[in-house]
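Welcome! Take a look at the chain shown here, and then let us walk through some of its features together.

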Amino acid sequence: INDRKNDFNLINNLLEKDLIPIRVTHNNVRKANIIFEKDTYNALYLIGFDAIMPGTLLRDFGDMARYAFNSTKENEKNLDAVYFRIDLFKEGLKAYLNEVKDIITPTEVKHLVDATKLMALEYWMRNLIEFLSDGKNFNPYCETDSWDICKNQFRLVQNIENNYDKLQEIVKEVAYDIMSLTI
């Protein structure tokens with residue numbers, strides 16, 4: 001984790017330098033907060049607005065991506081089953097950029113992959129702290145869930161890092177196709 005300590009400062013540094021704006025963000029985009037159409041499973045509505053607060057598109061997208069494009073559930077014990085779904089990332093990115101194309105900045109687009117990795121790192125740390133504090137702060141499920149989530153998220157980070165160039169190429173391609181944006 002020491003090799004990644006500078007990654008934790010990315011979004012704050014971008015904010016401090018006024019390279020990305022503060023926005024009103026949802027902060028909890030997950031399947032449980034999406035209403036789907038019964039027959040087609042098309043997403044209809046986003047709910048769960050209790051987490052709305054000032055934030056960044058990077059944290060919002062990154063948290064959604066680390067959750068939605070994980071190959072398995074967050075507390076999967078079999079780490080061989082854990083990887084970042086590049087195919088879903090590409091499709092999800094297309095949908096996301098189509099929705100935010102009029103407001104997202106080129107700097108935000110450039111850092112979407114970094115934000116996904118960062119949010120997995122933050123969730124890793126959150127669950128490591130939970131595990132070390134005997135599950136008294138965050139995870140109500142069971143004793144081992146925090147440790148399993150911790151290992152799962154770190155595997156996800158490693159997979160994102162191993163595919164970083166490919167993921168960045170996808171962002172460049174999709175951003176150009178949807179927004180005629182070259183990053």
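This is a predicted model: local features need pLDDT of at least 70, side-chain atom pairs count only at pLDDT 80 or more; totals for chains, interfaces and linings use all residues.

Which residue does the side chain of Asp148 meet in a salt bridge? The partner is Lys77, with 2.5 Å from N to O. This pair links distant parts of the chain: Asp148 sits in helix H6 (residues 145–162), Lys77 sits in the loop between H2 and H3, and 71 residues separate them.

Glu76 is buried but has no salt bridge. How far away is the nearest side chain of opposite charge? That side chain belongs to Lys73, and it is 4.8 Å away. A salt bridge needs a nitrogen to oxygen distance within 4 Å.

A polar atom of its side chain lies 3.0 Å from the backbone nitrogen of Asn78. Beyond its neighbours within four places in sequence, Glu76 is in contact with Ala81, Val82, Asp148 and Asn152.

## More charged pairs

Side chains of opposite charge can pair when their charged atoms come close. How many salt bridges does a search of the whole structure find? It finds 13. One of them joins Glu74 and Arg66, at 2.5 Å from N to O. Are these two partners buried or exposed? Glu74 counts as buried because its relative accessibility is 16%, and Arg66 counts as buried because its relative accessibility is 0%.

Another salt bridge brings together the side chains of Glu91 and Lys94, at 3.3 Å from N to O. These two are 3 residues apart in helix H3, so about one helical turn separates them. An α-helix has 3.6 residues a turn, so residues three or four places apart point the same way. Glu91 is partly exposed, with a relative accessible area of 46%, and Lys94 is partly exposed too, at 31%. Elsewhere, salt bridges that share partners join Arg4, Asp7, Lys117 and Glu161 into one network.

Helix H2 has 12 residues and reaches 16 Å from its first C-alpha to its last, close to the 16 Å expected at 1.5 Å a residue. Why can we call H2 largely enclosed by the rest of the structure? The reason is that 9 of its 12 residues are buried. Among them are Leu57, Leu58, Phe61 and Met64, along with the charged residues Asp60, Asp63 and Arg66.

Helix H5 (residues 112–132) has 21 residues and reaches 30 Å from its first C-alpha to its last, close to the 30 Å expected at 1.5 Å a residue.

## The nonpolar core

In soluble globular proteins, nonpolar side chains tend to be buried together. Here, the largest nonpolar core has 39 residues. Which of them touch the most other members? They are Phe61, Phe89, Leu93, Leu97 and Ile104. The elements that give two or more residues to this core are H1, H2, H3, H5, H6 and helix H7 (164–179). H5 gives the most, with 7 residues.

Not counting residues up to four places away in sequence, Phe89 touches Phe61, Phe69, Phe84, Val113, Leu167, Ile170 and Val171.

## Around Leu15

Leu15 is in helix H1 (residues 10–16), and it is partly exposed because its relative accessible area is 21%. Leu15 and Gly55 are 40 residues apart in sequence, and their C-alpha atoms are 9.9 Å apart in space. Leaving aside neighbours within four places in sequence, Leu15 is in contact with Ile20, Pro21, Ile22 and Thr56.

## Positive phi angles

Most residues other than glycine have a negative phi, and most peptide bonds are trans. Asp18 is not a glycine, yet its phi is positive, at about 55°. Asp18 is found in the loop between H1 and strand E1 (23–25), and it counts as exposed because its relative accessibility is 68%.

Ser180, in the segment after H7, also has a positive phi of about 55°. At 59% relative accessibility, Ser180 counts as exposed. Just after H5, Asp134 takes a positive phi of about 60°.

How values were computed. Residues are numbered from 1 along each chain as its sequence is written. Side-chain values use heavy atoms; hydrogens and water are left out. Buried means under 20% relative accessible area, exposed over 50%, partly exposed in between (1.4 Å probe, protein chains only). A polar contact is a pair of N or O atoms within 3.5 Å; within protein, one must be able to donate a hydrogen and the other to accept it, and residues adjacent in sequence count only if both atoms are side-chain atoms. Contact means heavy atoms within 4.5 Å. Helices (H or I, at least four residues) and strands (E, at least two) are DSSP runs, numbered from the N terminus. The expected span of a helix is 1.5 Å times one less than its number of residues. A nonpolar core is a set of buried Ala, Val, Leu, Ile, Met, Phe, Trp, Tyr and Cys residues joined through side-chain atoms within 4.5 Å.
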